[in-house]
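Here's a quick briefing for anyone meeting this structure for the first time. Have a look at the model, then read on.

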Protein chains: 4
Amino acid sequence: MSEIKHIGVFTSGGDSPGMNAAIRAVVRTGLYYDIKISGIVRGYDGMISGEIIPMDAKSVANIIQRGGTVLKTARSDEFRTPEGRIKAYEQLKKCNIDALVAIGGDGTFTGADIFTKEHDIPVIGLPGTIDNDLVGTDFTIGYDTAINTVVDAVDKIRDTAESHDRLFIVEVMGRDSGLIALRSGIGAGAESILIPETKTDVQALLCRLGEGRREKASKIIIVAEGDDAGGAFEIAAAVKNKFPGIDTRVSILGHIQRGGPPSCMDRVLASRLGVAAVEALREGHTRQMVGVVNGKIHFTPFKHAIKHISEASPELVKIVEILSR
Amino acid sequence: MSEIKHIGVFTSGGDSPGMNAAIRAVVRTGLYYDIKISGIVRGYDGMISGEIIPMDAKSVANIIQRGGTVLKTARSDEFRTPEGRIKAYEQLKKCNIDALVAIGGDGTFTGADIFTKEHDIPVIGLPGTIDNDLVGTDFTIGYDTAINTVVDAVDKIRDTAESHDRLFIVEVMGRDSGLIALRSGIGAGAESILIPETKTDVQALLCRLGEGRREKASKIIIVAEGDDAGGAFEIAAAVKNKFPGIDTRVSILGHIQRGGPPSCMDRVLASRLGVAAVEALREGHTRQMVGVVNGKIHFTPFKHAIKHISEASPELVKIVEILSR
Amino acid sequence: MSEIKHIGVFTSGGDSPGMNAAIRAVVRTGLYYDIKISGIVRGYDGMISGEIIPMDAKSVANIIQRGGTVLKTARSDEFRTPEGRIKAYEQLKKCNIDALVAIGGDGTFTGADIFTKEHDIPVIGLPGTIDNDLVGTDFTIGYDTAINTVVDAVDKIRDTAESHDRLFIVEVMGRDSGLIALRSGIGAGAESILIPETKTDVQALLCRLGEGRREKASKIIIVAEGDDAGGAFEIAAAVKNKFPGIDTRVSILGHIQRGGPPSCMDRVLASRLGVAAVEALREGHTRQMVGVVNGKIHFTPFKHAIKHISEASPELVKIVEILSR
Amino acid sequence: MSEIKHIGVFTSGGDSPGMNAAIRAVVRTGLYYDIKISGIVRGYDGMISGEIIPMDAKSVANIIQRGGTVLKTARSDEFRTPEGRIKAYEQLKKCNIDALVAIGGDGTFTGADIFTKEHDIPVIGLPGTIDNDLVGTDFTIGYDTAINTVVDAVDKIRDTAESHDRLFIVEVMGRDSGLIALRSGIGAGAESILIPETKTDVQALLCRLGEGRREKASKIIIVAEGDDAGGAFEIAAAVKNKFPGIDTRVSILGHIQRGGPPSCMDRVLASRLGVAAVEALREGHTRQMVGVVNGKIHFTPFKHAIKHISEASPELVKIVEILSR
């Protein structure tokens, strides 16, 4: 293993709050260890087209608190082809980049895994996604901010729900995973939380709503967009069909969940992982995602990290059962 | 005119942030002038059914900062009938309520106007609606908070738009009025703002998007839900049809716009109007909405207040033209 | 009057949220009217040293939502001397800058007034200060954000005050003016508001606290830093002396009041004034501050604008009296 | 062990955001398991005076999002005496309360530990403090919210610092512990973080400031109030003494750090611990604090929990060293 002298850092896939904090940490750790850092703009697409810019302390000044990613992100079809990856590698060589830090989710790491098999360049991955669905880290960068955003939005919706004694069905992000729904639903004090990981029993839900009707209180149901019973509109239709008298509204939170200043925890997580990624490259590691498990820095081979978490914490599921009764 | 001894206060129509601050002001002003105050729950519906509760300083402690309305709100079909209004009046008499403060929008004041014509009870109205579309006040209670909520949401969306070079079409509240869209759009730095008050020229919009494409920058378009060109999905369809290459997303902000802690300005406005309403009743006024015009307390007969504002400020429209070029 | 071709814009004095929105509006209005815009860094200091940078749409992209000022600000001793002002003028001529937009407070306008008397360059001022103490505008840029920040902080403090039945004395900005204290105090539901514009009667305050003690409730007192009875610590000492049993705490809000993303109203105000300033220069105006009075754009000669507002609105003062009883 | 039929829940010591979420979880878990729940007002003081109120779902409706504690909190001198504790026990017996959930910090648990030794009543403790300094839980309820509040405040302060190229010395809570300072300082991107756990070398700090002066950039130093070099004013004095030219300001964040709506993580943590506490009492446990260690529910005897954590994470300390260079 030869010494790392020049690291390229990029963000790829959906953006998440804290990506900028991670970029900043990579750049400043590079400065600390006297390693040159360049930013690759727009992920693999920019790698192929050579959109590569040198970065220093000034490039990352005053970005720790900003959502999104200053390096931009994109999905690249060309990188899925061997020819695309050859172009990318040539661009890196042209700039003398001899290692990569990839910030993104499973698509990002899948691409990186193939790339490192074909070309001689070490890559360390950072879990940057609001979905928290990667194996090998307790939390992904952006998840904590996203659930705070959801809870803040539902707090607002509850004001209206309470004032009108309404039922609100709020759809949150999570095509394959209910992890945003589960924690934000507990945090929002939701009456029901519907997630893809558990079978949603619409009849039982309607039964409980029927029982609860006498109280005339407002209710909030949180639905992950990938729930097996369909999204918020499907649930609302079932409710309206059974109980036309319940004043039911739907709110799709949508893209506000991706943005905003990162929470302190996301900034700290991103900072820790950014430092660890550069140190891991210095120590000769590659093809691993760095995460935090049980509070400690932890490395997981890409091929394991990209397996989605497919089970919701039984403890949290039980807590929903107890607290929303 | 006899002396007012017991005022009933209620909220009606859609809830808006600052209604609680208004209720608090009415109650505390009653205490100050030694007038009894009762809260009528769920608007005209609760008036008919007699859901009337005594209120004191304790009832309104720690509510100034809360969104929604502690007195709840509802729309009442029964109150639209003379029989309903007779029942309502009888309930008020039973409680010795001899004056009313009605917090709500045009529907609320229309009801109050008819009620005061049929029954001998003075009513003063407070403009509580996020729409800011009433004649007789520069701002309605809740408008300032709503536009802050929109701007905060668009700030988050812009993080994602910037990171992906996306076009976002964001739909905000305003079925008949573009006043939320106009100010929040300027505040969010939107590239276009589509409102019902001005003819929306979709072709011109597409032209500008076409010109701007070369810059590859992110763009935000704000659409009032009542815009003549249709809502956000219609605009998005037109864009996708003409420019399939533009990465276009839609976000419907929805009910988060109604809730949340009121802004300082909304709390101050609600406090001023609550005090003025009680003082106006003491001085023998009735069938008027109290607002603030040019910074000063101003009274407008209900029949004028409920005429919607149907024109957008030409200065603001021109500012959009200049700044979004 | 010759045609304006190149405007220099700068911020001076204390920073305030919305200054960036104003800078953005000036730059984009320049683009609209085909006027070149340069930014002068660090106010009059940068004018003297020639820190002048060209600005275009890109320079002001994505800054409307950011607090502080991208052009930085400073206080300049050298500009107080005729020699300093000569240097400044020469730098402007060297860059062919033929008009100025000055964003700041009374010190900024005083400097501009003298400068325009000595040198042939038109200047329009924008009121950028959180203090809201300038004649000629209903609100200054930054005031609305500052009072929202105070109210948000006091909402947090009240959580603790309520939990412990404590008295909190909260000091807010306002060396010469109680305008921040007055509106934020009403918005925060403070029990007392102490401002320099009205004589503070500490004995009467203590009396009321004594009466209120039986209720054992929490209390919030807002003090402007320039209050005649001294700051928060002085009031706290008087309370502790008289009522050692009252659990009294002091909180000095300090510099958080200057920062943060501007409110929607501040962004709209800054945008309107930035447009108006450039248009005014085009039309040959000079030595005036542009503000908004009764909702409309309004010009005031510098010499009048810098006279501090020295009276608190009697209506607001009375509202405090009524609502805090 | 006899079956638990009636649990008393109370909060004690300093309030922290999430205490209400914990109370709600205890009450709703009681309902689920058919256990009566009463709230004891004002901690041990209310226990002695018998301020005990029955609680049901309605008592805890709409409180999950509120800072502070609806049960209020106080420090009790009388409970430190055997006589006081006898009175407290008698009040509990009078109400047939046969178990306790104590939400608070080390003082709370010390009191509970003694109480359970003298009197036959099981107690489970919940870590409710912003300080995060208890052994036996990765995070205390309120810590996550507090560091978000700090980071949000410093983001605001940085706007001003940047605009003026100022040095800000920000003092955060933490008399014995730098845990708030450490994470919030990393999250805020502070240039230095001074904590009691590590020896603060003021000379080295001044050296680095001296080197950094040439950059003329703004700087933020975070100081824990219990730092060995003194608080923010002491540091500021040393800086001003050595570098009179550096524009140095102090901000003491103070009590805003305790309040505000709890973060999602704090609400989830409080909910999990509230459920676990009731279940632990049902299963016969006592004299333990329930926390979360490595993501899992974990019980720690009171006598161990109250030993303060006296070491800062070496990894985080190193990260500060690397990133703030």
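**Salt bridges and how the chains meet**

Over all chains, the count comes to 60 salt bridges, a salt bridge being a side-chain nitrogen of Lys or Arg within 4 Å of a carboxyl oxygen of Asp or Glu. Keep in mind that this is a predicted model: local features need pLDDT of at least 70, side-chain atom pairs count only at pLDDT 80 or more, and totals for chains, interfaces and linings use all residues. Residues are numbered from 1 along each chain as its sequence is written, chains are lettered from A in the order in which they are written, and side-chain values use heavy atoms, with hydrogens and water left out.

**Salt bridges within a chain**

- E191(A) and R158(A) pair up at 3.8 Å, N to O.
- E191(A) sits in the loop between helix 6 and strand 7 of chain A and R158(A) in helix 5, so the pair ties together parts 33 residues apart in sequence (helices are DSSP runs of H or I, at least four residues, and strands are E runs of at least two, numbered from the N terminus).
- E191(A) is buried, at 17% relative accessible area, and R158(A) is buried too, at 9% (buried means under 20%, exposed over 50%, partly exposed in between, with a 1.4 Å probe and protein chains only).
- R85(D) bridges to E118(D), with the closest N and O atoms 2.7 Å apart.
- R85(D) belongs to helix 3 of chain D and E118(D) to helix 4 of chain D.
- R85(D) is buried at 7%, while E118(D) is partly exposed at 38%.

**Where chains D and A meet**

- Chain D can be laid on chain A by a turn of 180° and a shift of 0.0 Å along the axis, with an RMSD of 0.0 Å (least squares on the C-alpha atoms of residues with pLDDT of at least 70 in both).
- The two copies are thus related as by a two-fold rotation axis.
- The contact takes 44 residues from chain D and 44 residues from chain A, where contact means heavy atoms within 4.5 Å.
- About 3900 Å² is buried between chain D and chain A, with carbon and sulfur atoms giving 57% (this is the accessible area, 1.4 Å probe, that two parts lose on being put together, summed over both).
- Six salt bridges are counted between chain D and chain A; R267(D) forms one with D155(A), with the closest N and O atoms 2.7 Å apart.

**Helix 5 of chain C**

- Helix 5 of chain C covers residues 143-164, and 20 of its 22 residues are buried, so it is largely enclosed by the rest of the structure.
- D165(C) follows this helix and has a positive phi, near 50°.

Conventions. The expected span of a helix is 1.5 Å times one less than its number of residues.
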